[in-house]
Amino acid sequence: MNRESFAAGERLVSPAYVRQGCEARRSHEHLIRLLLEKGKCPEDGWDESTLELFLHELAIMDSNNFLGNCGVGEREGRVASALVARRHYRFIHGIGRSGDISAVQPKAAGSSLLNKITNSLVLDIIKIAGVHTASSCFVVPMATGMSLTLCFLTLRHKRPKAKYIIWPRIDQKSCFKSMITAGFEPVVIENVLEGDELRTDLHAVEAKVEELGPDNVLCVHSTTSCFAPRVPDRLEELAVICANYGIPHIVNNAYGLQSSKCMHLIQQGARVGRIDAFVQSLDKNFMVPVGGAIIAGFNDSFIQEISKMYPGRASASPSLDVLITLLSLGSNGYKKLLKERKEMFSYLSIQLKKLSEAYNERLLHTPQNPISLAVTLKTLDEHCDKAVTQLGSMLFTRQVSGARVVPLGSVQTVNGYTFRGFMSHTDNYPCAYLNAASAIGMKTQDVDLFIQRLDKCLKTIRKEQSRESDVSGIDSSDKTEDVDAEELYK
């Protein structure tokens, strides 16, 4: 209610009580005003009543919610189901216009304001997370792969001769298909093995640039977040190569926003060389439903070009989800989640190391990877390839999600390109292994339950192997004895 409404209310209820209610409302409005003025994530999270008041105030600014609206067009924000309308807080028009996803809609001032605020808050979080000089970003209602495709399509107009994208290999289909979908030819650069880690072959990248000719290369497509034993690309060195040869540089930072190390690599790469845009997922970094990503960069005009490349309007759902989440958490709440994630990574590393040693396996030494860990499965692989894949299926049926079992010698064809050793990021990694990651939102009980179930699965497989050896008449006396690793975690 406005002041006139409160004043009218004083004729019905004690003025002292009405004034008290007015002051309470002003407290909510003060938070909203600060948000609109500063465009930054509040330090402390909002309560639900403030959030719902804010969303309601925005929604009634859209034409579909006008009391006297008369819509005679083909897109008037009509919704058949009241449940659907409530699910979207009655934001029906989406964001953007036909020519620009970031443009303001005349019919939807509230949705447009929501979009602008969300982009501003996300940029603030990107800076808090470590990329301090990022100048622009926008939320796009597509997951990471298609968002990368949008970046490549934007570069096509700037580099019409280019047909190749140089891509240090990472065995993840969506980032590979993003280049194919955009109509370019990926040039796969194999990684080099340094200790246990798979790292960027910088000499091969530069040699390929010279071989193809810089004008024929659309960009270098690098990666930060990845499954161990692959580690983040050498972003600083790649950025220098791109700057020296005048080649754009697009970074797949899928779930790297939650990692200070990945964000530091992006910041340093932009400082010493060239990074045109970096793309990250909303669901992986902000714990919202799948369907959105953030495209960010250091040059406002280029990021605006990407937003204008998106054809038509877009769903406001991803923007609404991340706005609600950030206002609920506040910057302090998000910082706390980042801190807890680091602590969980250390805890998961310690527990996996204990368990792996109990089974004569080894936690791979991958210090450059701040999110993912890998444990060797040599004893399983030496016995039977089937035992490795069996472990993966056993974990899945025991409701362990996210863990990946990577056998040796897997071959996969993606869009006509054949990858040997697929999932291991190289043709011939020395051993089979198991992946586990510490991502934002993970709790101690998640780690403990995973370790407990992994221990039981390994124990079961060992017993089966022992029985098979006895049946086949093989002397298993020299085999490693089973260790009751469960005792370590009581």
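Me: Which residues of H2 meet H3?

Reply: Contact means heavy atoms within 4.5 Å. Arg25, His28, Leu31, Ile32 and Leu35 in H2 meet Ser49, Thr50, Leu53, Phe54 and Glu57 in H3. By class, the contact of H2 with H3 has five nonpolar, three polar and two charged residues. In this scheme Ala, Val, Leu, Ile, Met, Phe, Trp, Tyr, Cys and Pro count as nonpolar, Asp, Glu, Lys and Arg as charged, and the others, Gly among them, as polar. The model is predicted: local features need pLDDT of at least 70, side-chain atom pairs count only at pLDDT 80 or more, and totals for chains, interfaces and linings use all residues. Residues are numbered from 1 along each chain as its sequence is written, and side-chain values use heavy atoms, with hydrogens and water left out.

Me: Why do residues three or four places apart point the same way?

Reply: An α-helix has 3.6 residues a turn, so residues at that spacing point the same way.

Me: At what angle do H2 and H3 cross?

Reply: Helices (H or I, at least four residues) and strands (E, at least two) are DSSP runs, numbered from the N terminus. Axes are lines fitted to C-alpha atoms, for helices over the stretch in contact, and angles run from 0 to 180 degrees between N-to-C directions. The axes of H2 (residues 15–38) and H3 (residues 48–59) cross at roughly 65° and come within 10 Å. H2 and H3 are therefore roughly perpendicular to each other. The classes are roughly parallel under 35 degrees, roughly antiparallel over 145, roughly perpendicular from 65 to 115, and oblique for the rest.

Me: How are H9 and H10 packed?

Reply: H9 (residues 235–245) and H10 (residues 260–272) pack at about 30°, with their axes 8 Å apart. H9 and H10 are therefore roughly parallel to each other. Leu235, Glu236, Ala239 and Val240 in H9 meet Leu265, Ile266, Gln268, Gly269 and Val272 in H10. That contact has six nonpolar, two polar and one charged residues.

Me: Where is the kink in H13 centred?

Reply: The bend at a residue is the angle between axes fitted to the seven residues ending there and the seven starting there. H13 has a kink of about 90°, centred on Gly330. The expected span of a helix is 1.5 Å times one less than its number of residues. A straight helix of 42 residues would span 62 Å, whereas H13 (residues 317–358) spans only 47 Å between its end C-alpha atoms. Just after H13, Asn360 takes a positive phi of about 55°.

Me: Which residues does the cis peptide bond join?

Reply: The cis bond joins Ala228 and Pro229, with omega about 10°. Pro229 lies in the loop between strand S6 (217–223) and H9. Elsewhere, Arg90 has a positive phi of about 65° although it is not a glycine. Arg90 sits in the loop between H4 (82–87) and H5 (109–129).
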